[in-house]
Amino acid sequence: MLAIHKRNAHSLVARCVKQKHPTSALLKCSKSSGKAYLQTLSSTDTHRVTKDEELSLRDIFDLPTKTALGSQWYHQGQPTGLLMESRFLSPKSFQGTGKEAVAEAQVLVQKVLDAKTADEKRQVIKCLDQLSDALCRVMDVAELVRQVHPDSNWQAAADQVYATMLDYMNGLNTHVGLYRKLVEVMDDPTIRSTLDTLELAVAESFRRDFERSGIHLAKTTHERFVQLSSSIHDLSRDFIRFQSQPPQETRSVDVPVAELRTLPSSVMMHIMQTSNTRKRSDGTAVASIAQDGYAVHHILRDCEDSATREAVYRMWHCGSSGAVNALEQLLEDRRALSHTVGFDSFAHMALDDKMAKSPAHVDTFLRGLAEQAKPQWKSIIASLMNTQAQSGQGSVAGINPWDRDFLVSKQQMNLGALPSLNPYFSLGRVVLGLSRVFKSLYGIELKAATPQPGEIWHPDVRKLEVVDENGKLQGIIYCDVFTRNSKAHVGAAHFTARCARRIDNDIAVSSSQQSYSSQTVVEKDGKQFQLPVVVLICDFPLPEEDSPPLLSWSNVETIFHEMGHAMHSMLGQNGFHNVAGTRCAVDFVELPSILMEHFARSPQVLSTFASNHKTDAPLPPDLLAKHTERRRKYAALDLHAQLFMSALDQRYHSAALDPLAADREPSPGWSTRSLASVHEDRMFTSGIGGSRIFSYVQGTRWQSRFTHLVGYGASYYAYLFDRVLAGQIWDRVFMGNKSLVQSGGSGGQCSPLNREAGERFKNEVLRWGGGRDPWKCIAAVLDNGKMSKDEIDAVSRGNESAMRIVGSWRLPDL
């Protein structure tokens, strides 16, 4: 997952990203009396690795008690600053960085406002980009600290810095003078003719963000925009807050204890310890099941009694009236906000700068995928109905939602258990495998590095350097992958602590401003660039005693996914902060990370590192094939869920919110009526008599738990969209290149670990970050003779026809 600040909240000058790299000499940049000087560091100071570098890379993850590269530096010696930043020495010094960044920003703001000559105006875009970097370098780290730092003093300081800088950036987003100066520059044909593709992309992104903040509106309309924005922010928080509160309408449901006998003993014990139990008048012992997701999951999966499952399902999905009311008002305010800036709906507003461009295009894409999936849906439903009849559950013309998980589990049990893959996936072996993949594809690899005192926030954090084939540093990756109580439950995420950008042409600021004394920069082709620094967050279980950390196959995919984001940050060095790496369209940003999941599932790739942590025996291919087949069996059900949520998201952000009042203001409860109408959409028929694969259950309000509506409003389709794009690139570029066919065997095998394919993906996609039309990136990377010229041209245009083509492409696992 790419963890991204809500761009429209403070997106103009500082589109800060949490998600969520040089030549022969590593440089430190410091400013003294307003002038920068560079200090060359020796390679022994900056690249500490053991002689056996691959063993070291594996050991820092697999043998933490022996190497303890994090622990030995965590509290020893004089602190050098969190994330190599000398300004981040302590909570107190960190608080001062916000003020320093704001002071530097003020100097740059004034330079923009004072720009009068052609040369000065030519520097406006650079000023804004430098300003964005100055603020994000602090705010992004503040967000990281709030999520992962174990010290409450650091967390409190980060909260204060974040809040202060958010207020400042919101002010910049509505700074009329900055907006007018940018428009003046962009509308000057003489200046515009001197801008290259990247500079235009940066300028357009700033202008778009300004206008999304309503800055170009008349006074009264702008006041309405600000009011609605504030209301949306408050309602979003309310909606999330209701998730942790049980709904007042139905707090619990009584379940006969006897019906829980088929649950795992640990679950049964949990229920008996956390639930109120009593005896009915007829002597039946019952347990009162509350809003307990753990218990509900197992009851729906393991309880034999359909009536019990139905009662628990209805209780769990009854929804909170408070959450529903907050959601409906939030969605109504979003629609009103879009109207103030001239859009028909919030979906039109949100998609205007995405690859999809319009709600109609998204609908075309989703329906194309659904048509592909219907044969699989029909097969799965027929299979589940057969299992339902065999288990004595009765036969209905379809599958009830409360029966689905039970029947799937029943089928899986009938197939028998497979030996676990976990022993073949020690964390160190997986990271070593990632390094080998990156070396094969891009000529870069991961190296174990020793953090300095104060550089990391917990002993479990590991530091990796990304180096090229000449040993030159390309960037830094910190890995904080184990679960702990002091860590927020953010799941898996990629945080950008610092973006790559060119700095030798920075605009000079006043000598009174504090400098970035530990700014690590590199020199390339006579230009200087700051290196990207990213942090990968996962929630992997701690290893058992005398065992390395062992990952499930799903967790292997997770770390491959997050490393895909990291490589986008490492290789997307185009000179500008605002379009570096992962700072691109929401429906494009997951492409590199999802592509990496294909490598995590490839037998050829897994064979390069997956081996038993005790015996070193390689992962048996037949065992991998069996696990792959099991996964594939129900992939279409996951697709159905993703399509449904994507369609519901689009409906909730459309021009007509209430299906019963299309031309009028919606009445209370409209979100539930819309939920029901999406269930009835022909998109979701199974093909068995035209029946729905899962029908709406009267009285339920599942939308009260759809929290992705807050952060991904009108953009939930993006993950599916990028899955399709990644699948095509995998098939046509990494697996479809004839040069990859190796001799031997029946017809040979294709290996995806091919430098030619990797360079193609790097040059056409990764290196651009957000500085190029993503449709042109997709068309270029796929233009390798495997698609017709007409199809490539249609894709490059990025219109409805392009969306229809993408919707027709094969989705992996179908």
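Predicted model: local features only at pLDDT ≥ 70, side-chain atom pairs only at ≥ 80, totals over all residues.
**The whole chain**

Begin with everything displayed and coloured by secondary structure: the chain holds 33 helices and 15 strands. Of its 814 residues, 55% are buried. If you switch to a surface view, what you see amounts to about 32700 Å² of accessible surface, with 49% of that area belonging to carbon and sulfur atoms.

**The nonpolar cores**

Next, select F425, L446, I477 and F560, which are the residues with the most contacts inside the largest nonpolar core, a set of 148 residues. Then centre on I477 and show its surroundings: leaving out residues up to four places away in sequence, I477 touches L446, R462, K463, L464, V466, V534, L536, M563, A566, M567 and M570. Apart from this core lies another, of 70 residues, and selecting A142, M169, L531 and F576 will show you some of its members.

**A buried serine in a loop**

Go now to S426, in the loop between α20 (401-415) and α21. Is S426 buried or exposed? With a relative accessibility of 0%, S426 counts as buried. Show its side chain together with that of D62, and you will find the two joined by a polar contact of 2.7 Å. Beyond neighbours within four places in sequence, the residues in contact with S426 are D62, P548, P549, L550 and H613.

Select D546, which lies in the loop between β13 (533-540) and α22. Its phi is near 65°, a positive value in a residue other than glycine, and D546 is exposed, with a relative accessible area of 78%. A second case to select is D616, placed in the loop between α24 (603-606) and α25 (621-633), where phi is near 70°, again positive in a residue that is not glycine.

From there, move to P91 in helix α6, which covers residues 91-114. Apart from residues up to four places away in sequence, P91 touches N153, W154 and A157.

At the N-terminal end of α30, look for the cap provided by N754, where a side-chain oxygen lies 3.0 Å from the backbone nitrogen of E756.

Then pick R760, also in helix α30, which counts as partly exposed at 26% relative accessibility. Not counting residues up to four places away in sequence, R760 touches V733, A780, V781, D783 and N784. With V781, a polar atom of the R760 side chain lies 2.9 Å from the backbone oxygen. For V733, which is 27 residues from R760 along the chain, the separation between C-alpha atoms is 8.3 Å.

**The cysteines**

Finally, select the cysteines: how many disulfides does a search of the whole structure find? The search finds zero. Centre on C499, whose sulfur is 7.0 Å from the closest cysteine sulfur, in C136, and therefore too far for a bond. C499 is buried, at a relative accessible area of 6%. The last stop is C584, which is in no disulfide, the nearest cysteine sulfur being that of C777, 8.9 Å away. C584 also counts as buried, with 7% relative accessibility.

Key. Residues numbered from 1 in each chain as written. Heavy atoms only, no water. Polar contact = N/O pair within 3.5 Å; in protein donor to acceptor, adjacent residues only side chain to side chain. Helix = DSSP H or I, 4+ residues; strand = E, 2+ residues; numbered from the N terminus. Disulfide = S-S within 2.5 Å. Buried < 20%, exposed > 50% of the residue type's maximum accessible area, 1.4 Å probe, protein only. Core = buried A, V, L, I, M, F, W, Y, C linked by side-chain atoms within 4.5 Å. Contact = heavy atoms within 4.5 Å. Areas by Shrake-Rupley, 256 points an atom, 1.4 Å probe, with all protein chains shown as cover.
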